[in-house]
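The tour has a few stops.

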Amino acid sequence: MAPEMRQRRPQTSEPPQSTAAFSSSSSSYSKSGKPGRSTTSDDENKGIGWFFPLFALGLLRYMSATFNIIHDCDEVFNYWEPLHYLLYKSGFQTWEYSSQFALRSYLYIVLHELVGRPAAWLFSEDKVRVFFAVRIFLGLLSVVTETVLVVALSRRFGKRLATYTLAMLCLTSGCFFASTSFLPSSFSMYAVSLSSGLFLLEKPAPAVAAAAAGVILGWPFSILVFLPITLYSLRRKFKEAFLAGALTSISLLAFSLLVDYHYYKRWTSSVLNLLIYNVLGGGESHLYGTGGPLFYLRNGFNNLNVSFVLALLFLGILPISRKKYMPDLLVVISPIYIWLGFMSLQPHKEERFLYPIYPLICVAASAVIECFPDFFRDRYNPYDNSLLVVIAKVLRPLALGLILCASHARTFSLIHGYSAPLEVYKVLAHHDEIGTGSTICVGSEWHRFPSSFFIPDYVNEVRWIDDGFRGLLPFPFNSTLGGTAASPPYFNNKNKASDEQYPRNLDACTFLVELQLDRPYASHGSDTSKWETVAAWHYLDREFSPPFYRSFFIPYLWQSKNAFGMYKLLRRIPK
């Protein structure tokens, strides 16, 4: 191939083309195989160094850890609350953590306790700082794994593709928020980035090991995302990849079994229980919300805007970029289509279920943008610089700029519109003059409770009040019944409300948290003779705000076009 290319070139004085990229076992494209690129410079062949992506991602992930909102009540009640209980012996328990069902693995919680425990010792009187310390740890995991992916892309496909991917990983709303969310799907996302990067660096055994960790430590259902890389790694180096995957899987499953036994006080596998509940047992996850077949397409566009659309078009560019991206990049990106297809068929849908493929969407979109000039270039003349090719080259930074601007607008809208719960609960720390034994009551806003890390020690308990919700709510861990080993009788797996979940006497409430919207009915805190406002924060009223203006922050228009309520912390007026 190289001699034929040299015959077509008008100048013959340049050094011979390296054939290393075409002689490898995968016969895939690498940047050293680009026409006209000399392989004599070792520094050039190293691609992007480690420092720049570490610095860029580190800065953005720190911002995410600081400003990220709570997107899902599952993050609070299934992960932050059990962690709070392990650290402080108080917190809310969901039915999934009942020893009778044991659907959640304590191994995932213990991993974060390794950071939370020293932070709790260091910030003994400030639990909010412990919360953010754990978030920074999550951001650090994201930084390291995504840096591996970016560096691998630069060494394999060139700096342009890697730089585009880095920009999207840093600034797209989906990656910005998912990177510091305390969720197994986020952990699987870290593992996807690491596994993909190791695969592109031609390290199949560590790639499979990372995949196994993502499935067992993170989210078991994400096995479908890791399937292409695992199978292709086994094809390349079966013995090494198989041993790495098997040893990692067996070790983590055994460790998970021991940790679950320690906390549930019985031999059980939370990984197996979760699979049985959702798959073999028919599952009843649909009780917790369903969505239509276009749910993930809408959410993908909201969180990744144009990059999501471009990523779906990746298969369309393969005919003109087969040599460049086949087979390795296709193997890395193919889980996008597998995962979207599989998850769209499931009745229960959540935005967080897309988290594992967010980095892959950034890679696919970057590859499509990089190929813009290839649509117009003469296939027999790699140096074609016709007018259309030049225009296509100009469109690349414009497309990337559009994606980043839209992402920035989306991120700002979510932060400014929905950060009120975190800000309002922080105010509680400044009202300890009330004394110990206080009770905080929360009505319909229970699902925006930011976790017990925001509840000061002088508060005795948090109680839910009846606002018409008829599903099962979390209960405090009951140390009398055994704490993590308890199987309280008020829990069930049918999402049926318990008679014990609401207090009978509302006069016991010292504080009240509620969202006051412009509605034709009175709220609990509207009686100013009983309640005084301690803190209030604007909260975006989704129902009465236009979809476009509430989704993207446009200066001046965002404030004027959208409707807002007031998220309030109220204190009972002493009689």
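This is a predicted model: local features need pLDDT of at least 70, side-chain atom pairs count only at pLDDT 80 or more, and totals for chains, interfaces and linings use all residues. Numbering starts from 1 along each chain as its sequence is written, and side-chain values use heavy atoms, with hydrogens and water left out.

**Stop 1: the disulfide**

Select Cys 441 and Cys 509. A disulfide joins them, S to S 1.8 Å (the term covers a pair of cysteine sulfur atoms within 2.5 Å). The structure holds one such link. Strands (E, at least two residues) and helices (H or I, at least four) are DSSP runs, numbered from the N terminus.

Colour by accessibility. Cys 441 is buried at 1% relative accessible area, and Cys 509 is buried at 4%. Buried means under 20%, exposed over 50%, partly exposed in between (1.4 Å probe, protein chains only).

**Stop 2**

Select Cys 175. Cys 175 is buried, at 0%.

Now Cys 73. The closest cysteine sulfur, in Cys 441, is 19 Å away, too far for a bond. Cys 73 is partly exposed, at 23%.

**Stop 3: helix α20**

Select residues 387-418, helix α20. Val 394 lies in this helix and is partly exposed, at 45%.
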